[in-house]
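I opened the notebook to look up a few things in one structure. The entries follow in the order in which I made them.

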Amino acid sequence: MSFVSISTIRRKIQQYCKQINAPKRLITIRTTPSGFGDPHIEIDNKGYHYVIWERGSEHRRRTTKDVNDLLYWLMMDITFSMASTYELENRIPNQDSRRLLFETQLNLLKKININ
């Protein structure tokens, strides 16, 4: 089975991030662990691996053979980070913070044109 290259994945993520005006700091797609909990991508004969390492140990690994699953995982994390920042800056007193966070994330995801 042939897999899409990391450069193609980076281009797709940049395209999606441009549609939602994502900050540049969120667009970096790593291929090696940073050690600070940032996700990185591995590609091998088993598929695409979305891996999170922190302080020298692996905390999470998701594997798929479908590049669209991988792109979805990446964009879920990027939009969650953006929505978290928005919620923090626009917090509504006496309201569960998750309401604004999830609404904002959903609105960001709706803006992405995957064609």
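**Salt bridges**

I began with R61 and E42, whose side chains meet in a salt bridge at 3.0 Å, N to O. The model is a predicted one, and I kept that in mind for every entry. I then looked up where the two partners sit. R61 belongs to strand β3 (residues 57-64) and E42 to strand β1, so the pair, 19 residues apart, links distant parts of the chain.

I checked how open each partner is. R61 has a relative accessible area of 36%, so I wrote it down as partly exposed. E42 is partly exposed as well, at 25% relative accessibility. The cut-off for buried is under 20%, and therefore the 25% of E42 does not count as buried.

Next I asked how many salt bridges a search of the whole structure finds. The search finds 5.

I looked up another one, between the side chains of E87 and R91, which meet at 2.8 Å, N to O. Is E87 buried or exposed? E87 has a relative accessible area of 5%, so E87 is buried. R91 is partly exposed, because its relative accessibility is 49% and exposed begins over 50%.

I also noted D96 and R98, which form a salt bridge with the closest N and O atoms 2.6 Å apart. D96 is partly exposed, with a relative accessibility of 36%. I then looked for bridges that share partners, and found that E42, E58 and R61 are joined into one network that way.

**Helix α1**

I turned to helix α1, which covers residues 6-19. I wanted to see whether its length fits its residue count. At 1.5 Å a residue, its 14 residues should span 20 Å. The C-alpha atoms at its ends are 20 Å apart, which agrees.

Which residues of α1 are buried? They are I9, I13, Y16 and C17. Seen down the helix axis, these buried residues fall within an arc of 100°, so they line one face of α1.

I then asked what the buried residues of α1 pack against. They pack against strands β1 (36-44) and β2 (47-54), and also against helix α2 (67-89).

My last entry concerns the chain just after α1. There N21 takes a positive phi, of about 55°.

Definitions and conventions:
Residues numbered from 1 in each chain as written. Predicted model: local features only at pLDDT ≥ 70, side-chain atom pairs only at ≥ 80, totals over all residues. Heavy atoms only, no water. Helix = DSSP H or I, 4+ residues; strand = E, 2+ residues; numbered from the N terminus. Expected span 1.5 Å × (residues − 1). Buried < 20%, exposed > 50% of the residue type's maximum accessible area, 1.4 Å probe, protein only. Arc of directions from axis to C-beta. Contact = heavy atoms within 4.5 Å. Salt bridge = Lys/Arg side-chain N within 4 Å of Asp/Glu carboxyl O.
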